[in-house]
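Student: Please take a close look at the pockets of this model and at what lines them, and then at the helix packing beside them.

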Amino acid sequence: MNEEEKVIQAADEQASVVEKQGAGEKKDEDLVIAELIQVAGEQGSVEAKQEKIESVALVDDSDRLFRKYKIKDIVFLAIITACTLVTGAIMPLLVNAPVFGIIQLGLGIQFSLFPVIGMMKVRKPFALLLQSVFISIFLVFMFPPMVFIIVCALVAEVITLLIFRSYKSDWACVLAGTLYMPLTIPLLFMYYRCFYTVTGDEKSAVSMFIGSQNVGAVIGITIAVIAVCFIGSVIGMLIARELKKAGKLK
Amino acid sequence: MTFFKYKKTFYPLVAIASALLIMVFGLVMSRKANCAYFLIGAFVWLALFGCWKGLLRALPLFAIIGGAFALISYYTSGKNAQSAIAMLNRFGAVCLAVVPGMSIQAVAMTRNLSQLHTPRAATLGILITLSFVPVLRGEIKRVREAMRTRGAGSILNPKIFYRAFLIPLVTRLVDISDTLALSIETRGFTLGKSKYTVYKREVINVFDVVYILGLIAGVVLAAVL
């Protein structure tokens, strides 16, 4: 009896399947075709992706703009920052000289020459920013407002990347190095205006700095700072080129 | 118990905060008479907390350069004594702000930053920058000795300075950086997000708290009185 029931049940199921097949034949065909198309598409895209991955793996990553930093990059940037720090140790003396832009004039060469060498070895975005981060912790003890040099580095890098799109060109490094220090002038100007006036002894804090009241003198000093930084950057570029020629700057 | 244990060096972040406090207050309030009293108080306070070696180093610098700038300021401002005192105050603040920094070891700063989960690239860079300065001095000395041995001429000549000093120095730095990077990698240091431990944790101490509170009290008193 049980076996008979099973046979009947199986026959019913078969019949219902046939009925469904008959009724939804066209629908099933459409679904299968759609599935096939989807699978084919996926396979195609997978193949394309695989090809893309393989091609990326084969090609050197030096073409990419944003590349991962390696330990050797960080070490070189830190060492070159130590050079900037040592040569820039006169900063505590300069901060007290009441001449507008004296810090930038005194430190322009050092703060452009060494960063350019660093950027020409580590041709990756934010190399200048990293150098600023490394040096900023020491600038706190020398002259805290100069910590804003991080912002200046970021702005200089953004401007350079907008113009050159990468650091492949030596002149991109020179531009970043040239802009780096002069950008601190407006920041320090704001600092003097905000903080030195707290005593209330003078209306404008900047007035105590020789040359700060005369617009012509301010423009002249700013141009002089840019010129000094440009010279420093070019010297840095020449040194880096010599090192490259000697096979040291890989 | 480590909180009450005596230690010779400051907690690194406390040292940075105190340097900022002294420097900013000194620069802002340099024209006030109270600023000088605050700086004298800070000098004594730092000496009490064991920074007398750093203070002794900073004192001649303050006396010579600060004195020279004060004199210049005195004469350029039409023999105005207040201007000279303001200049001395500024120099005093700068020299005193450097002293807490002298007490921090590079490795302590790195440990402190690592505890605070600062990116590894930043801690490594700061550690190298700080600890590389003596090495750099040695390298400069070597290059200068090499110049003398070869009879390269005066370092004040720009061409000689560039060719015989600057290029050999940077070349040497590149070599050192390659060796150092290799050495760091060999020791298993990575820049990734791999887990790491801090060998010796920096702990804030009761002395750090008393030190920074004393400085803040000095600032408040000097500003209010």
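Tutor: In what follows, Ala, Val, Leu, Ile, Met, Phe, Trp, Tyr, Cys and Pro count as nonpolar, Asp, Glu, Lys and Arg as charged, and the others, Gly among them, as polar. On that basis, the lining of the second largest pocket divides into 12 nonpolar, eight polar and four charged residues. The model is predicted, with local features needing pLDDT of at least 70 and side-chain atom pairs counting only at pLDDT 80 or more, while totals for chains, interfaces and linings use all residues. Residues are numbered from 1 along each chain as its sequence is written, chains are lettered from A and ligands numbered from 1 in the order in which they are written, and side-chain values use heavy atoms, with hydrogens and water left out.

A pocket is an open set of points on a 1 Å grid over the protein atoms alone, where a 1.4 Å probe fits, with protein on both sides within 12 Å along at least five of seven lines; lining residues have an atom within 4 Å of a point. A volume is the space filled by probe spheres set on the points.

The second largest pocket holds about 570 Å³ of space. Its lining has 24 residues, and Thr110(B), Arg120(B), Leu124(B), Leu127(B) and Phe189(B) are the closest to its centre. Two or more lining residues come from each of α5, α6 and α7 of chain B, helices being DSSP runs (H or I, at least four residues) numbered from the N terminus. The largest share, seven residues, is that of α6(B).

The largest pocket has about 990 Å³ of space. Among its 27 lining residues, those closest to the centre are Met142(A), Val98(B), Met102(B), Leu130(B) and Arg137(B). Elements giving two or more residues include α7 (127-142) of chain A and α6 (120-150) of chain B. Here too α6(B) gives the most, with six residues. The lining has 21 nonpolar, four polar and two charged residues.

Helix α5 (residues 106-115) of chain B also meets helix α1 (residues 12-28) of chain B: their axes, lines fitted to C-alpha atoms over the stretch in contact, come within 9 Å and cross at roughly 100°. The two helices are therefore roughly perpendicular, a term for angles of 65 to 115 degrees. Pro12(B), Leu13(B) and Ile16(B) of α1(B) make the contact with Ala108(B), Met109(B) and Asn112(B) of α5(B), where contact means heavy atoms within 4.5 Å. By class, five of these residues are nonpolar, one is polar and none is charged.

Key: Axes fitted to C-alpha atoms, helices over the stretch in contact; angles between N-to-C directions. Parallel < 35°, antiparallel > 145°, perpendicular 65-115°, else oblique.
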